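Read the following with the structure open beside the text.

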Amino acid sequence: MSDIKVECYAGHTADQRPLRFTIGEQILEVREVEDQWYSPASKHFKVRASDGSIYVLRHDEEQDRWTLDAFRRT
């Protein structure tokens, strides 16, 4: 897992869904949220990014920390 910076859409709740994220110097736009699920302390988003790859982003709500949990280049 590596820390990343994530910009989110904030509707009626904070950090409702990711819009773009930064890994190192690379900024990626979220083209589609393919899936999302919840655990007791975090939210997970499976997204297809502007580079065509699939990423699983996890938001630890207690620490307000985003991590990259998985990646698959397509």
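His-59 is found in strand E6, residues 54–60; helices (H or I, at least four residues) and strands (E, at least two) are DSSP runs, numbered from the N terminus. The model is predicted, so local features need pLDDT of at least 70 and side-chain atom pairs count only at pLDDT 80 or more, while totals for chains, interfaces and linings use all residues. Residues are numbered from 1 along each chain as its sequence is written, and side-chain values use heavy atoms, with hydrogens and water left out.

With a relative accessible area of 5%, His-59 is buried (buried means under 20% relative accessible area, exposed over 50%, partly exposed in between, with a 1.4 Å probe and protein chains only). Its side chain makes a polar contact of 2.8 Å with the side chain of Asp-64. A polar contact is a pair of N or O atoms within 3.5 Å; within protein, one must be able to donate a hydrogen and the other to accept it, and residues adjacent in sequence count only if both atoms are side-chain atoms.

Strand E6 belongs to an open sheet of seven strands, in the order E1-E7-E6-E5-E4-E3-E2, with antiparallel pairing. Strand E1 (2–3) and strand E2 (5–9) stand at the edges with a single partner strand each, so one side of each has no neighbour in the sheet. Two strands pair if DSSP finds at least two bridges between them. Strand E4 (residues 26–39) and strand E5 (residues 42–49) run antiparallel and are joined by eight bridges. Within this pair, Gln-36 stands opposite Phe-45 in E5.

There are five salt bridges, where a salt bridge is a side-chain nitrogen of Lys or Arg within 4 Å of a carboxyl oxygen of Asp or Glu. One of them joins Lys-43 and Glu-61, with the closest N and O atoms 3.7 Å apart. Lys-43 lies in strand E5 and Glu-61 in the loop between E6 and strand E7 (65–72), so the pair ties together parts 18 residues apart in sequence. Lys-43 is buried at 9%, whereas Glu-61 is partly exposed at 41%.

Another salt bridge links Arg-58 and Asp-69, with the closest N and O atoms 3.5 Å apart. Arg-58 is in strand E6 and Asp-69 in strand E7, so this pair connects parts eleven residues apart in sequence. Arg-58 is buried at 14%, and Asp-69 is partly exposed at 30%.

Finally, Glu-7, Arg-20 and Glu-29 are linked in a network of salt bridges. Within it, the side chains of Glu-29 and Arg-20 meet at 3.2 Å, N to O.
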